[in-house]
2 protein chains.
Amino acid sequence: MENDDIVYVGNKPVMNYVLAVVTQFNNGADSVIIKSRGRAISRAVDVAEVARNRFLKDIEVKDIVISTEKIASERGEINVSSMEIFLGK
Amino acid sequence: MENDDIVYVGNKPVMNYVLAVVTQFNNGADSVIIKSRGRAISRAVDVAEVARNRFLKDIEVKDIVISTEKIASERGEINVSSMEIFLGK
């Protein structure tokens, strides 16, 4: 799978990421992975739900994977939850 | 599946819910569902990850389901994302 098919969800409004997902499918992608960490995980679920319910009726959630990443911070290494939502036809 | 095997994640500290999950498995539950909505979804992922990585090494994430719920609010009906994390042996 190419990098183009990954959407990283951060702190911008939900619709920014929805647009990115919809655009990738419209450009011919068969699948898109929505990646997020920490508090952005809630927003990533919103992105998947809005994209599916409002714009991409034929797209399904194929899989959701959660994991823990170690990230270097000012206070040393901290654990952060991460999530990948796999969307496809 | 009985109601006892569901943990609803809200705004309390992560460890409160981790303790609830661990307790249910220690009391003989074969599976526990972690339910959350809106911003608590990020915390629910933390709960699953901490419970698994620190306390319940033999427990796996069996499935994760996301959906949209309609909730009555002061401003009328609004859509809220929800998530269920199914933990089991």
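Reader: Which residue in S4(A) stands opposite A:Ala72?

Author: This is a predicted model, in which local features need pLDDT of at least 70 and side-chain atom pairs count only at pLDDT 80 or more, while totals for chains, interfaces and linings use all residues. Residues are numbered from 1 along each chain as its sequence is written, chains are lettered from A and ligands numbered from 1 in the order in which they are written, and side-chain values use heavy atoms, with hydrogens and water left out. Strands (E, at least two residues) and helices (H or I, at least four residues) are DSSP runs numbered from the N terminus. In S4(A), the residue opposite A:Ala72 is A:Glu77.

Reader: How many bridges pair S3 and S4 of chain A?

Author: Two strands pair if DSSP finds at least two bridges between them. S3(A) and S4(A) form a hairpin with two residues between them. Strand S3 (residues 60–73) and strand S4 (residues 76–88) of chain A run in the antiparallel sense, and the number of bridges is 13.

Reader: Which strands of chain A stand at the edges of the sheet?

Author: The open sheet of chain A has four strands in the order S1-S2-S4-S3, with mixed pairing. Each edge strand has a single partner strand, so one side of it is left without a neighbour in the sheet; in chain A these strands are S1 (6–8) and S3.

Reader: At about what angle does helix H2 of chain A run to S4(A)?

Author: Axes are lines fitted to C-alpha atoms, for helices over the stretch in contact (heavy atoms within 4.5 Å). Angles run from 0 to 180 degrees between N-to-C directions. Helix H2 (residues 40–55) of chain A lies across S2, S3 and S4 of chain A, and its angle to S4(A) is about 5°.

Reader: What is the bridge partner of B:Lys35 in S4(B)?

Author: In chain B, strand S2 (residues 31–37) and strand S4 (residues 76–88) pair in the antiparallel sense over seven bridges. The partner of B:Lys35 in S4(B) is B:Glu84.

Reader: Which strands of chain B does helix H1 touch?

Author: Four strands of chain B form an open sheet in the order S1-S2-S4-S3. Neighbouring strands of this sheet are turned by 20° against each other on average, direction ignored. Helix H1 (residues 14–26) of chain B packs on the sheet, its direction making about 175° with that of S1(B), and the strands of chain B that H1 touches are S1, S2 and S4.
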